[in-house]
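Here's a quick tour of the model, from its surface to its core and on to some of its charged pairs. Have the viewer open while you read.

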Amino acid sequence: MREIPSQKVSFGEKIGYSMGDVAANLVFQVMVIFQLKFYTDVFGLEGAIAGSVFLTACLAGAFFDPLVGILCDRTQTRWGKYRPWVLWTALPFSVFYVLAFHNPGIEDKGLVAIYATASYILLIITYALSSIPYSSLGGVMTGNIHERTSINAVRFIAVSLAQFVVQGLTLPLVNKFGGDEGNIQQGWTHTITLYALVAFILLIITFLSTRERIQPPPTQQVSLREDIRGTVSSVPWRCLFVTVLFIFITTSMWGASMNYFFQYNLDQKSLYDFLGTIGLTDTDNGRTGLGVSILNAFHLIAHSPSDAYSIGFSLFNMTGAVVQLLGIIFLSQYLANKYGKKQTFMVCLTLTTFFTAMFYFPSPVDISFVFGLCFLKSLAYAPTIPLLWAMIGDVADHVEYINHRRATGFCFSGISFALKAGLGLGGALAGVILSCFGYVPGHISAQPSSATEGIRLVCSVVPAILFSVGVIALLFYPITKRYNENMQAELEARRHLHNRHQ
């Protein structure tokens with residue numbers, strides 16, 4: 001009789017696993033928050049063209065995702081099915097990340113658009129080759145529903161820290177590495193190179209520290225047709241597919257547009273004064289002390305209103321990251337264990353929709369209102385972050401429960417398809433709306449009033465409508481707390497029976 005592996009996962013292994021998503025978010029957060037504005041204001045592309053680059057690359061990556069899922073489900077190595085892909089892709093992933101944010105000297109805008117598309121497609125493909133096996137790995141580290149929620153809670157605590165760093169420090173680092181001459185392209189190249197190096201190291205740590213415990217049923221025969229049929233016919237999988245698609249359309253649109261919002265829709269003098277109330281200004285360069293020195297080293301002290309945009313937007317992002325971190329730590333697992341993943345997700349996403357819509361109302365000088373909405377939206381959204389990925393693991397279990405077949409990689413890759421498609425559609429829609437409303441690309445001091453209205457819409461009303469579609473899809477998701485407990489008990493019994501006969 002074969003020994004049954006323990007479903008418990010050590011805290012050290014949870015930390016090691018979470019490092020892989022920190023690496024992914026050193027890329028993902030930059031793509032969501034900065035990529036569209038990088039294309040318009042650094043590469044100098046029109047909004048609609050930049051959005052087209054975004055859409056083309058993300059859709060190419062999305063259609064590649066199911067192939068990755070099929071491939072890693074059929075991988076057989078002494079390290080498992082999914083772990084080795086984290087190792088194999090670490091270097092190319094990091095290299096293509098740098099290339100996507102570096103212009104090698106191309107000046108013709110048509111060629112710049114082609115280069116941007118090609119480099120972004122390569123990045124998206126290597127991202128898929130790394131992230132899909134990584135996410136699938138989380139679904140086979142344990143079948144225990146509480147351990148799975150705990151793994152994802154630790155994972156997304158680490159992700160929140162990565163979000164804090166990337167969203168808060170990217171623009172200050174770009175300014176710092178750009179030098180006194182303000183070479184923005186140089187600043188971006190050095191910043192992304194730093195992130196890429198850290199990501200490479202973290203992916204190696206994830207490979208070395210994790211273990212796969214759940215295997216497909218021993219009697220399962222290889223059948224691509226059955227894997228696809230069993231997954232795509234699953235009602236829970238379909239519900240999550242639609243939910244993820246619209247969540248990430250919204251995430252991409254809102255994340256990119258808030259960058260423009262802080263530069264063009266907020267009064268920079270009012271933003272500068274707001275920073276002064278929390279000690280982030282120094283007009284006379286006279287403040288001293290260790291804290292000031294550290295903030296100055298990261299360009300987080302504003303010396304004039306011209307610094308307000310980058311520092312104010314960084315503070316906004318860091319505020320959201322800290323609130324999300326606290327929400328994940330104190331709310332996510334508690335609410336999921338008490339009310340179930342589905343109920344928690346629906347209520348929190350509904351609140352997120354409401355607070356997103358409210359971003360339409362702050363005036364250019366009402367900075368406190370903007371930061372207050374940031375706090376409320378981030379707190380509402382926080383519990384959903386780890387729950388989403390835990391729910392995808394539950395869906396993989398549900399496919400096995402119904403069909404007596406397990407295709408974890410294909411299940412995750414299908415959801416990843418929705419994620420990539422959502423990112424592409426959200427970025428493209430934001431770019432098209434900005435162009436339609438008359439946005440002028442490049443570093444300029446002001447935009448036409450029509451452009452600022454377009455920016456306000458893609459920060460509030462439009463993403464709120466799209467978020468609501470995700471809420472509606474969740475109404476049809478059948479895996480409740482009680483259903484999941486019964487399902488896991490049945491699967492555990494099957495695995496014990498299979499192991500007894502080995």
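Predicted model: local features only at pLDDT ≥ 70, side-chain atom pairs only at ≥ 80, totals over all residues.

Helix H7 (145-177) and helix H13 (308-339) each put at least two residues into a nonpolar patch. The patch sits on the surface and is made up of Phe-164, Val-165, Val-322, Leu-326, Ile-329 and Phe-330, which together have about 500 Å² of accessible area. H13 gives the largest share, four residues. Phe-164 belongs to helix H7, and its relative accessibility of 30% puts it in the partly exposed class.

Now for the inside. The largest nonpolar core takes in 142 residues, and Tyr-39, Phe-262 and Phe-316 have the most contacts inside it. Helix H10 (residues 235-265) provides the largest share of this core, with 16 residues. What does Tyr-39 touch, leaving aside its neighbours within four places in sequence? Its contacts are Gly-44, Leu-45, Ala-50, Val-53, Phe-54, Ala-116 and Tyr-120.

On to the charges. How many salt bridges does a search of the whole structure find? The search turns up eleven. Here are some of them, with the N to O distances:

| Pair | Distance | Helix |
|---|---|---|
| Lys-269 and Asp-273 | 3.0 Å | H11 (residues 268-277) |
| Glu-453 and Arg-456 | 2.9 Å | H18 (residues 449-458) |
| Glu-490 and Arg-494 | 3.1 Å | H20 (residues 481-500) |

Take the H11 pair to begin with. Lys-269 and Asp-273 are four residues apart in that helix, so about one helical turn separates them. Lys-269 has a relative accessible area of 44%, which makes it partly exposed, and Asp-273 is partly exposed as well, at 39%.

In H18, Glu-453 and Arg-456 are three residues apart, about one turn of the helix. Glu-453 is partly exposed with a relative accessible area of 24%, and Arg-456 is partly exposed at 22%.

That leaves the H20 pair. Because Glu-490 and Arg-494 are four residues apart in this helix, they too are separated by about one helical turn. Is Arg-494 buried or exposed, going by its relative accessibility? Arg-494 comes in at 15% and counts as buried, since buried means under 20% relative accessible area.

Notes. Residues numbered from 1 in each chain as written. Heavy atoms only, no water. Core = buried A, V, L, I, M, F, W, Y, C linked by side-chain atoms within 4.5 Å. Buried < 20%, exposed > 50% of the residue type's maximum accessible area, 1.4 Å probe, protein only. Contact = heavy atoms within 4.5 Å. Patch = residues over 30% accessible without salt bridge, like charges linked within 9 Å, V, L, I, M, F, W, Y side chains within 5 Å. Areas by Shrake-Rupley, 256 points an atom, 1.4 Å probe, with all protein chains shown as cover. Salt bridge = Lys/Arg side-chain N within 4 Å of Asp/Glu carboxyl O.
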